[in-house]
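Here is a short briefing to read with the model open beside you. Take it in any order you like.

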Amino acid sequence: MPRYLTRFFIRFGLATFTLLSLGPVIWSVVTSLLPLSALTSRPPDLNPLNITLENYSLVLDSSRGLFSGLINSFIIATFTSAVGLVVGSMAAYALARLNLPGSNKLLLMILATQMFPGIVIAIPLFLVMSRTHLVDTHFGLIAVYLSFILPIVIWILKGFFESVPMELERAAAVDGASPIQTFRYIVLPISLPPLFATGVFAFIEAWNEFFFAIILTRINVKTASIAIAEFSGQYQTLYGQMLASAVLASVPVVALAIIFRRFILEGFVEGAIKA
Amino acid sequence: MATLELVNITKKFGDFTAVENINLRVEEGEFVTLLGPSGCGKSTILNMIAGLEEVTSGEIYINGKQVNRLSPFERDVAMVFQNYALYPHMTVEENIGFSLQLRKRPKNEIQAKVRKVAAMLELERFQHRLPRELSGGQQQRVAIGRAVIREPSIFLFDEPFSNLDAALRIKTRGEIKELHQRLGVTSVFVTHDQEEALSLSDRIAVLRMGQLEQYGSPEEIYSKPATKYVARFIGTPQMDMFAGEFVNDGGLYYQVGSAKVAVSDTLQAPGVSVDIGVRAEFVTLGAKGFDATVRLVQPVGPFTYVTVAWDDGSVTARVNGVSRLKPKENIKVEINPKELLFFDRATEKRLNP
């Protein structure tokens, strides 16, 4: 195939993919800016003169639960990613470097926990949580999220730590660093970009999670995703407000993703090793 | 400064024996090179001395004290790694000062020492740069600086020049030798480059498949190799070896095909089959000796290496300056009988004293 054709197909594919992924986002933003009347008329009245921020001001009214939902989501996602990173990075480093007996089996077991669909463990998990009085608490949801985010963090970071040149750690050992100091002063600083990327990933996972949140929360710890879903009621769905909430809830995630992109692109072990 | 002694050191990785029963003593202030091809176990030995690798059996003594169970740091050794292993996120200054920082030395003391070391290695201008902003040679010097600042009792070098280009390699070689003369710290150096070993070392340990072939001064290793292996490994061009036999023809000769080489009058033919070896500098081309044809002429500047061949063998001669010989020319070849080396064909060990 001639080169220009190949290039055409690649670009065509990319453009299609971009449109398909951006379409719903654009539609959400448009919808959130229009009054309900404009949306429910047939055909929808997309006259830009109708644009209003009414939906936003309505959903930010504290009585609607979105604001507290955002705060709950923020608390839960922050703690999940922070604890996940601290515990996960240490576990991953130990599994990558310490040559522990049975560490391969351990890794497989960690992976195996990920092989059950959420629905299978939903009922037993609810029972456990309710007997330990953890239903509708921040701690309960964080614990549940950690149970599926930690394995992923461990697997991702283990792969990265294994790629850190062994000589760096040997050099640190010769310089007199203990394993903990080697981790703290050498491995951790050069691992910041992947750590950050993994942290953002964990944050987004916890932020977007819906299934366990709806099972394990009632009133106090409703997360943003639940608050958004609640705009869809038995008798009517407030599309404008629902999508305004969704747009607001996406802001932190999008912001994180933008920063995270910059980090990922940075070369990080360059200059360590002369190959 | 310290002495280093390896006693019956063996290292096994599973069923594979990487290092077998090595005994080696390095005197105070000595510069010793472990020389051998890749896979001969030289780096493994260095790692065991450093404490980065455990010995399977045997003992390591530093200054007469057994250190088998001590950490690299407690052994008071410093190491320069093949790929430098500079900390990529630290500046030159921080890289060099890291060991002092770990020991919680006061800041101004660290700064002063780093400055001194940086000055010694001509790195002052780069103190605030990151490793990736330095050239290969500068990175190399930072790696050395990181070792020097510790003032260790032993320096360990793991093929530190293998990533430098040829010119820089020779320059750095000189710098390391000068550094050793200045500081006088006991050093163990690993390389596969025989020229490096010859030019740097007080003594060389030649290794082969995890075993020590010979341990001696560069002169001994070069002119009195203990085995055929050492003889061929050391020296450029490689020593020529012949599998011929002794003949008595009004004097003792060694015959290789149609070529007959007179052997030192005082020598008796030993009772075993013998291979002989000769270095290029002891082969003379001219009017005397046996007949041969020029096959290859390789000028290298101060010398020309001329390889001549006859029906059943070939030998390379070192000719001073530029040789006017051309391939296919006929010439006579003479070999200095006093400089012949005799090796037992079966055991490969050298026979003549």
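This is a predicted model: local features need pLDDT of at least 70, side-chain atom pairs count only at pLDDT 80 or more; totals for chains, interfaces and linings use all residues.

Residues are numbered from 1 along each chain as its sequence is written, and chains are lettered from A and ligands numbered from 1 in the order in which they are written. Chain A has 13 helices and zero strands, where helices (H or I, at least four residues) and strands (E, at least two) are DSSP runs numbered from the N terminus.

**Chain A: confidence**

- The average pLDDT of chain A is 85, and 94% of the residues score at least 70; pLDDT is the predictor's confidence in each residue, from 0 to 100.
- Within chain A, helix α4 (residues 66-97) has the highest confidence, at 92, and helix α2 (residues 36-40) has the lowest, at a mean of 75.
- Please take care with residues 267-275 of chain A, where pLDDT stays under 50. For this stretch the model has 26 contacts beyond four places in sequence, a contact being two residues whose C-beta atoms, placed from the backbone, lie within 7 Å.

**Chain A: fold and dimensions**

- Reading along the sequence of chain A gives the pattern α-α-α-α-α-α-α-α-α-α-α-α-α.
- The radius of gyration of chain A is 23 Å, whereas a compact globule of 275 residues would have one near 19 Å. That radius is taken over C-alpha atoms, and the globule rule is 2.2 Å times the number of residues to the power 0.38.
- The C-alpha trace of chain A spans about 75 × 65 × 30 Å along its principal axes.
- Of the 275 residues in chain A, 33% are buried. A residue is buried if 20 or more other C-beta atoms lie within 10 Å of its own, exposed if 12 or fewer, and partly exposed in between, with C-beta atoms placed from the backbone.
- Among contacts in chain A between residues at least 6 apart in sequence, those joining residues at least 24 apart make up 76%.

**Where the chains touch**

- Chain B brings 25 residues into contact with 21 residues of chain A.
- On the chain B side, the elements giving two or more residues are β6, α2 (92-102) and α4 (136-148) of chain B.
- That side of chain B divides into 17 nonpolar, six polar and two charged residues. Here Ala, Val, Leu, Ile, Met, Phe, Trp, Tyr, Cys and Pro count as nonpolar, Asp, Glu, Lys and Arg as charged, and the others, Gly among them, as polar.

**Chain B: domains and a helix**

- The domain assignment of chain B gives domain 1 (4-233) and domain 2 (240-344), with bounds that come from an automatic or database domain assignment.
- The centres of domain 1 and domain 2 of chain B, taken over C-alpha atoms, are 39 Å apart.
- Helix α5 (residues 166-183) of chain B has 18 residues and reaches 26 Å from its first C-alpha to its last, close to the 26 Å expected; the expected span is 1.5 Å times one less than the number of residues.

**Chain B: backbone details**

- The peptide bond from Thr236(B) to Pro237(B) is cis, with omega near -10°, and Pro237(B) is in the loop between α8 (228-233) and β11 (240-242) of chain B.
- Asn8(B), in strand β1 (residues 4-13) of chain B, has a positive phi near 50° without being a glycine. Asn8(B) is exposed, with 12 other C-beta atoms within 10 Å.
- Asp76(B), also not a glycine, has a positive phi of about 60° and lies in the loop between β5 (65-66) and β6 (77-80) of chain B. Asp76(B) is partly exposed, with 17 other C-beta atoms within 10 Å.
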